[in-house]
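Good morning, and thank you for coming.

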Amino acid sequence: MSKNETNNNGGKYLTFALGKEEYGLEILKVREIIGYMDITTVPRTPSYVKGVINLRGQVISVVDLRAKFAMAPAERTEQTCIIVVEIRSAGRKLNTGIIVDRVSEVLDVSGDQIEDAPEFGSSVESDFILGMGKVGESVKILLDIDRVLAAGEITAAAGVAAAA
Amino acid sequence: MICQPNITEVRCVNFTQNESARPGDIAADLHIGQLQVIAARLSTLIETGVGADLAVLGDLHSAYDQLRMDGKTLVDATKCQALTAVTLMGMQKVEQVLLNDCNDVAGTLTNLSNEVADLQAMLTGVARAADPIPTVGAAAPEAVSDHDGDHAVQIAEQQPLNEFDLPLVREFVAEATGHIETAEAGLLQLEEDPENTESINTIFRGFHTIKGVAGFLNLTQVGALAHAAENVLDLARQGKLQFTSNVTDTILASIDAMRKLIELLGPVSVAGGIPAPLPGLENLLARLHGCAQGDVVPATAPIAKSEAAPVATAASNVVPANETTSTEPSAAIGEHPAATAATGAHAAAAETNVKVSTERLDALINTVGELVIAQSMVAQDMVGHMNASQRLSRNMSHLGKITRELQELSMSMRMVPIAGVFQKMSRLVRDVARKAGKEINLVLTGKETELDRNVVEAISDPLVHMVRNAADHGVEPADVRLQTGKPRQGTIELKAYHQGGNVVIEIIDDGKGLDKARILKKAIANGIVAEGAEMSDQDIFKLVFHAGLSTAEKITDISGRGVGMDVVKKNVEALRGRIEITSTPGKGSVFTIRLPLTLAVIDGLVIKVGPERYILPITSIEQSIRPKPEQLSTVQGRGELCLIRGQTVPLYRLHKIFNVKPKFENASESLVVIVQDNDRRCCLLVDELLGQEQVVIKSLGESLGNVPGTSGGAILGDGNVSLILDVPGIMDLVEKA
């Protein structure tokens, strides 16, 4: 994989926080941001599936991104949000909610600010990361949300952020 | 600078030109008619475009000249269609150029001149092909129609569909299905009332429209079939052909074949490519051709080519040629003025209806559902405000009324009349009766009864089974009926009506009734029932729903293989419906199906387990009790049991199945709900019963897929989601664990 090529993932990203790390979501994937609401738990689903909510008459599932990334659960605060994203799964579009600690801002990240995800060795998956966006002093982990939600529990993400 | 022509005006001119076209110029073949229309339109376009100073118009002009000259001689249907398509495209391009005067004119013009070149090449080809055929004067149409008839059995090879045509083909598939149904209805009506010429016209129009559009879209198989059927119908509507049962059968077979062809087109219209050929089509065309000659062609023997030639001559004796020319092309031209024929021809009939995708409709219903919830929440909040002004509360109740009306209205949009399904039955009864040599009169009542679209679709198959059974096994042959003092003609009545929140469909026959003794004997022989078991009439009748139990003495190819009734029961139950049988020996049977009006709404009991609320479908609940300690017992290694009226029923703790923390661990403090699924029963331990509610079923987000033990989610009155419990699923979960 060549690191010199300009990454073509440049564009607008919605950034949000999970713990200390900042992540980015392609803005075109984001349908809306809603405050935390009561979530109906669904039995016999993976632990990171928090349950389902009623999004204006449509029942959508909600994924706890912390649990998905095997991070310690956090207290719910005023800032806890559900970002509704539109993902593609098996050729169909479907809305899914993801729970994040805090929504930050919409950032313009140009292609040359994005570096490919560093490789962490074969045991660590990194193909759900579009790249690392360097904005000012900070590094945002730009997520390929389709892959994140399609995969099972992802164990490496917390470490990835530290290494970056 | 190019002047902006008034395109609407161009179209108007076209129509007048169509009508004034000299009939002699138009050959009997529809395609020729189409070409004339195109030629006329092309001419108008060229006139309009003169001021536009388009070099390409000159080319089009010469194409038009050639077209006008060769139009009379064009006999090859495939070439005609290809020509039609290219010309239409050329015209559209010209129109486009004239409309957006400077945008990308150069590119469009290049395309256009390429197409014109193609067109001319094709015209030359056509002219050459047409050369050997004598073309002058009144003889021309006759020659054409004979030639066509002769080749009716040979279908031009289907070309891959043009990608520009695909959307049109898709539309055609949708519309043709409607035409086929109309034609079928007309045919059955005609059979009852052979004098009804309006019915013949209805059938004719169906095939005619299909033929026209198929020609435009280059669907050779569809076109050939429609053309052959149309020929027969045309003779019939001019009174030159008796509508015998053989003709009816052949036309019905054509309707079936047409339906299959359209079905085959479905996937092609999405992906492109060549539609699969339909086996047996040539044979059918031969039969149709035979009908047109007044011959009886056996269904299995295809016409030999050598025989076909003299027959063709006979055809021109039966049909004076100028008669056909006067009726057919005039209709053709009126209906197909442009490439948009598929939409245009139907637009007039459907102007009061709007087609809406189900997706949009569902979105509307969802949104209205949310409105109802939001409205009720606001109304709830208002109750707390003592100082709410009178005006506010009056407006609030007004809003509430409107909201409820809106909800009813949106739900009613999913409703369709059951007539379509009933229509199928009349066809079925007719076929079965003919095959079995019986006389059966089918009476349909309540065709206009409306129910949910999905229910209508799902109920079709079970109804087919039951009506077929009634016709094949229920109603006796005429001689047997006469012996038992019944009228010669048997009657099957199909009834639909609303009762409470349900739709009831009854299938009533005046046949011999169910033979209790034989059902019982068979059931005992198959080990379904123990010998000497005491059974009520109802219980015995229910046995017919058992897989592998058929009481027909002989297995016919219509029914009697012992599948069917068990499938019927399964399907009806999948729709949350019930089915009942009453039967009197010698007098007949009544099968009653009760269905919910819609699949989208269920009556549910909201229950609470720990912090979670669930919904139990009312239909699966028997009763609920607070168990006394002496009713409860534990079987080592087998779980818990609850004694209900002397019977032990397994007790499942919902909180264990769903892994939630219950309010009460002690079973005698909580409640049990006794639920059943067919012959299985169990007790579910719950904390509280919150009440009954009508809820809208929603799928649990596609990402979650099928969650075991639940059949979906529902939005409760407070806007929160709650899971709907799937009783058989829960039983399976526990039993497999």
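Let us begin with A:Ala70, which counts as partly exposed because 15 other C-beta atoms lie within 10 Å. On this scale a residue is buried if 20 or more other C-beta atoms lie within 10 Å of its own, exposed if 12 or fewer, and partly exposed in between, with the C-beta atoms placed from the backbone. A:Ala70 sits in the loop between α1 (65-68) and β6 (81-89) of chain A. Its phi is near 55°, a positive value in a residue other than glycine.

Before I continue, please note that this is a predicted model, in which local features need pLDDT of at least 70 and side-chain atom pairs count only at pLDDT 80 or more, while totals for chains, interfaces and linings use all residues. Residues are numbered from 1 along each chain as its sequence is written, and chains are lettered from A and ligands numbered from 1 in the order in which they are written. Helices (H or I, at least four residues) and strands (E, at least two) are DSSP runs, numbered from the N terminus.

A second residue of chain A to consider is A:Arg44, whose phi is also positive, near 55°, although the residue is not a glycine. A:Arg44 lies in the loop between β3 and β4 of chain A. It counts as partly exposed because it has 14 C-beta neighbours inside 10 Å.

Which strands of chain A form an open sheet? There are five, in the order β3-β6-β7-β5-β4, and their pairing is mixed. Strands of a sheet pair through backbone hydrogen bonds, either parallel or antiparallel. Here two strands are said to pair if DSSP finds at least two bridges between them. At the edges of the chain A sheet are β3 (30-35) and β4 (49-55), each pairing on one side only. On average, neighbouring strands of this sheet are turned by 35° against each other, direction ignored. Such angles are taken between axes, which are lines fitted to C-alpha atoms (for helices over the stretch in contact), and run from 0 to 180 degrees between N-to-C directions. Within the sheet, β5 (residues 58-64) and β7 (residues 92-100) of chain A run parallel and are joined by four bridges. One such pairing sets A:Asp64 against A:Ile99 in β7(A).

We now turn to the interface. Contact is made between 21 residues of chain A and 24 residues of chain B, where two residues are in contact if their C-beta atoms, placed from the backbone, lie within 7 Å. On the chain A side, β4, β5 and β7 each supply at least two of the residues that touch chain B. The predictor gives the complex an ipTM of 0.79 and a pTM of 0.52.

Chain B contains 25 helices and 18 strands, and 38% of its 737 residues are buried. One of its helices is α20 (residues 516-525), where B:Ile519, B:Lys522 and B:Ala523 are buried. Seen down the axis of α20(B), these buried residues fall within an arc of 100°, so they line one face of the helix; the arc is that of the directions from the helix axis to the C-beta atoms. The face turned away from the buried side of α20(B) carries the exposed residues B:Ala517, B:Arg518 and B:Ala525. Among the elements covering the buried residues is α21 (537-542) of chain B. Just after α20(B), B:Gly527 takes a positive phi of about 75°.

Chain B also has a hairpin, formed by β6(B) and β7(B) with three residues between them. In its turn, B:Gly586 has a positive phi of about 80°. The two strands, residues 578-584 and 588-596, pair in the antiparallel sense over seven bridges.

A further feature of chain B is a closed barrel of five strands, running β8-β9-β18-β17-β16 with mixed pairing. Its twist averages 50° from one strand to the next.

Finally, how confident is the predictor in chain B, and what is its average pLDDT? The average is 71, and 65% of the residues score at least 70, pLDDT being the predictor's confidence in each residue, from 0 to 100. Over residues 296-350 of chain B the pLDDT stays under 50, and for this stretch the model has 93 contacts beyond four places in sequence. Thank you for your attention.
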